[in-house]
Amino acid sequence: MKIKPLHDRILVQRLEEEERTEAGIIIPDTAKEKPVMGKVIAVGEGRILDNGQKQPLAVKEGDKILFGKYAGTEVKIKGEEFLIMREDDVLAIIED
């Protein structure tokens, strides 16, 4: 199934955080918070401005991003969890 977000929305897959701290302590599942880092899977065509023109998005497919803790709407597609959010919810693009 192929999903194409509309306008300025993006489809994001959460990236799991490490299960150990730098000191080697294992973090149990009950103490973990939802990750705020993800990979962009699909992007919309862009934001429609007041004058009718489309402004392309700054993020693109494959980008690693940081987003707000409660950003987006969770959706399940073929058993996998994704987020659909607006580009405004993206805090930063992670460059390796």
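Let's start with K60, which is exposed at a relative accessible area of 53% (exposed means over 50%, buried under 20%, partly exposed in between, with a 1.4 Å probe and protein chains only). K60 forms a salt bridge with D63, with 3.3 Å between the closest N and O atoms; a salt bridge here is a side-chain nitrogen of Lys or Arg within 4 Å of a carboxyl oxygen of Asp or Glu. D63, for its part, counts as buried at 10% relative accessibility.

A quick word on the model: it is predicted, so local features need pLDDT of at least 70 and side-chain atom pairs count only at pLDDT 80 or more, while totals for chains, interfaces and linings use all residues. Residues are numbered from 1 along each chain as its sequence is written, and side-chain values use heavy atoms, leaving out hydrogens and water.

Back to the charges: the salt bridge count comes to 6. One of them joins D8 to R86, with the closest N and O atoms 2.7 Å apart. That pair ties together distant parts of the chain, 78 residues apart, with D8 in the segment before strand 1 and R86 in strand 7 (strands are DSSP runs of E, at least two residues, numbered from the N terminus). D8 is buried at 5% relative accessibility, whereas R86 is partly exposed at 36%. Both belong to a salt bridge network that also takes in R47 and D88. Then there's E45 with K54, at 2.5 Å between the closest N and O atoms; E45 is exposed at 54% and K54 partly exposed at 47%.

Now for the inside. The largest nonpolar core has 12 residues, among them I10, V12, V40, F67 and M85; such a core is a set of buried Ala, Val, Leu, Ile, Met, Phe, Trp, Tyr and Cys residues joined through side-chain atoms within 4.5 Å. Strand 1 (9–14), strand 2 (37–43), strand 5 (64–67) and strand 7 (80–86) each supply at least two residues of this core. Take V12: leaving aside residues up to four places away in sequence, V12 touches G38, K39, I41, I65, F67, F82, L83 and M85, where contact means heavy atoms within 4.5 Å.

Strand 7 also has a partner in strand 6 (residues 73–77), and the two pair in the antiparallel sense over 5 bridges; pairing requires at least two DSSP bridges. V75 has F82 in strand 7 as its bridge partner. Their hairpin has 2 residues between the strands, and K78 takes a positive phi near 50 degrees there.

Terms used
Helix = DSSP H or I, 4+ residues; strand = E, 2+ residues; numbered from the N terminus.
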